[in-house]
Amino acid sequence: MTSTRELIDTLVECATPVRRLRPPFVRAMLWLAFAGLVIALIVMGHGLRPDLALRLHQPTFAVTTAAALATGILSAIAAFVISLPDRSRWWLLLPMPALAVWISTIGYGCLTDWVSVGPEGVRFVDELRCLSILVLTSVPLTIALAAMLRYAAMLRAGAVATTGGLATAAITASALPLFHNHDATAMILIWNLGTALLITGITSVFGRRLFGLLAARLLASGTQI
Amino acid sequence: MARAQDGDRRAYRALLEDMTPYLRTLAARCFREPSDAEDAVQDVLLTVHAVRHTYDPGRPFGPWLVAIANRRIVDRLRRHIRARSREIELSSEHETFSPDAANFQCEDTAADAAALHAAIATLAPDQRVAISLLKLKEMSLKEAALASGRSVSALKVATHRAIKSLRKRLRQSSETP
């Protein structure tokens with residue numbers, strides 16, 4: 001085992017100048033811009049759904065999409081802020097109001113249109129296409145977020161992974177209705193909440209492991225002379 | 001810290017040396033064993049080094065350092081408690097050495113050991129050397145390679161073959177008593 005004095009010598013020897021991180025808000029905006037770019041590319045590839053303008057006038061649809069988008073933006077900001085060691089944990093609460101609105105509008109939609117949740121309410125015809133959009137959106141966003149927040153591995157891995165996962169999930173869920181026609185309420189519920197739970201779950205479970213690996217690599221690369 | 005971020009090594013050394021006693025006090029509150037506390041201090045120093053770019057010179061340094069230290073110490077403490085719940089620390093009487101004098105045997109194991117040694121004696125010379133160095137004397141592959149003058153991969157192959165034939169021979173001898 002190296003003594004602490006030797007460790008300090010080694011650390012001082014590899015103390016190369018480092019570039020300071022930009023403020024968390026700026027970095028969150030950069031990631032959101034990247035998310036916008038990814039979605040724009042998918043729009044170019046898949047094309048928008050034909051009745052989007054019409055649907056945006058419907059309050060439930062507009063509120064659900066806006067709430068999902070707000071949840072995505074706010075949780076991205078929260079993830080970047082709490083990834084810094086000296087910021088308060090209260091930032092975790094930032095996306096909660098938008099998340100509550102998002103979940104409650106989906107629930108409200110389900111309650112009012114309860115009748116449409118019948119056997120025909122669940123259709124799996126175009127779902128494969130929907131799944132491909134989901135993967136195409138969420139995978140690059142998750143990779144970008146993990147790369148931008150890798151230093152948080154040794155600090156608040158669990159909280160950052162979960163908030164980051166929520167950000168990716170909400171952005172993906174808000175992008176899905178741009179392409180896909182989910183008139184059946186049950187499908188809206190499945191896709192919105194399913195996406196959110198799936199991505200948040202995967203990132204919070206595997207994010208810890210990923211961050212564990214990243215932490216080991218960071219420590220190893222930090223002390224290489 | 002701001003100067004250390006710009007690559008000023010003297011400032012960085014002064015900073016690390018100044019923070020070490022403070023970190024030691026923090027760690028000593030949580031760990032009873034001084035060596036565990038020292039490990040925690042080193043962990044914090046390594047983390048500070050790895051995330052030094054996250055420090056914003058516009059903000060106070062103290063809370064930044066304390067947050068990192070607390071995080072690492074709590075993480076270590078958690079791992080420590082988890083490890084203690086499923087691991088038993090070895091005391092000196094559990095230690096063992098390869099020379100025969102240190103390994104007294106009861107009757108049951110003595111018979112097995114004799115059969116094993118007899119089986120080893122029948123192995124091809126290169127396999128016998130590999131087993132004796134790597135398994136009986138518990139040398140590492142590198143040490144055994146140095147002692148026997150053979151390559152690491154040759155030793156690995158010899159050990160693999162030796163264990164295979166030992167298994168075969170011992171099975172045969174147990175089937176035909």
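## Basis of the description

The model is predicted: local features need pLDDT of at least 70, side-chain atom pairs count only at pLDDT 80 or more, and totals for chains, interfaces and linings use all residues. Residues are numbered from 1 along each chain as its sequence is written, while chains are lettered from A and ligands numbered from 1 in the order in which they are written.

## Composition of the two chains

Chain A contains 8 helices and 0 strands, where helices (H or I, at least four residues) and strands (E, at least two) are DSSP runs numbered from the N terminus. Its pattern along the sequence is α-α-α-α-α-α-α-α. Of the 225 residues in chain A, 39% are buried; a residue is buried if 20 or more other C-beta atoms lie within 10 Å of its own, exposed if 12 or fewer, and partly exposed in between, with C-beta atoms placed from the backbone. Two residues are in contact if their C-beta atoms, placed from the backbone, lie within 7 Å. Among contacts in chain A between residues at least 6 apart in sequence, 85% join residues at least 24 apart.

Chain B likewise has 8 helices and 0 strands, and reads α-α-α-α-α-α-α-α along the sequence. Buried residues account for 24% of its 177 residues. For contacts in chain B with a separation of 6 or more, 53% come from residues 24 or more positions apart.

## Helix 7 of chain A

Helix 7 of chain A covers residues 157-179. Its 23 residues should span 33 Å at 1.5 Å a residue, and the end C-alpha atoms are 33 Å apart, which agrees; the expected span is 1.5 Å times one less than the number of residues. Because 19 of these 23 residues are buried, helix 7 of chain A is largely enclosed by the rest of the structure.

Ala169(A) belongs to this helix. With 30 other C-beta atoms within 10 Å, Ala169(A) is buried.

## Helices 2 and 3 of chain B

Helix 3 of chain B (residues 34-50) has 17 residues that should span 24 Å at 1.5 Å a residue, in agreement with end C-alpha atoms that are 24 Å apart. The helix is mostly covered, with 13 of its 17 residues buried.

The axis of helix 2 of chain B (residues 9-30) comes within 9 Å of the axis of helix 3 of chain B, and the two cross at roughly 135 degrees. Axes are lines fitted to C-alpha atoms, for helices over the stretch in contact, and angles run from 0 to 180 degrees between N-to-C directions. The two helices are therefore oblique to each other; angles under 35 degrees count as roughly parallel, over 145 as roughly antiparallel, 65 to 115 as roughly perpendicular and the rest as oblique. From helix 2 of chain B, Leu16(B), Thr20(B), Leu23(B), Arg24(B), Ala27(B) and Ala28(B) meet Ala37(B), Ala40(B), Val41(B), Val44(B) and Leu45(B) of helix 3 of chain B. These contact residues divide into 9 nonpolar, 1 polar and 1 charged. Here Ala, Val, Leu, Ile, Met, Phe, Trp, Tyr, Cys and Pro count as nonpolar, Asp, Glu, Lys and Arg as charged, and the others, Gly among them, as polar.

## Contact between the chains

The contact draws 23 residues from chain A and 30 residues from chain B. On the side of chain A that touches chain B, the elements giving two or more residues are helix 1 (4-13) and helix 8 (185-222) of chain A. Helix 1 of chain A supplies the largest share, 5 residues. This side of chain A divides into 15 nonpolar, 4 polar and 4 charged residues.

Helix 1 of chain A packs against helix 3 of chain B at an angle of about 5 degrees, with their axes 10 Å apart. The two helices are therefore roughly parallel. Thr4(A), Leu7(A), Ile8(A) and Leu11(A) meet Glu38(B), Val41(B), Gln42(B), Leu45(B) and His49(B), a group of 5 nonpolar, 3 polar and 1 charged residues.

## Loop residues of chain B

Arg59(B) lies in the loop between helix 3 and helix 4 (61-86) of chain B. Arg59(B) is exposed, with 12 other C-beta atoms within 10 Å. Leaving aside neighbours within four places in sequence, Arg59(B) is in contact with Asp86(A) and Trp64(B).

Glu138(B) is located in the loop between helix 6 (125-136) and helix 7 (141-148) of chain B. Although not a glycine, Glu138(B) has a positive phi of about 55 degrees. Glu138(B) counts as exposed, with 12 C-beta neighbours inside 10 Å.
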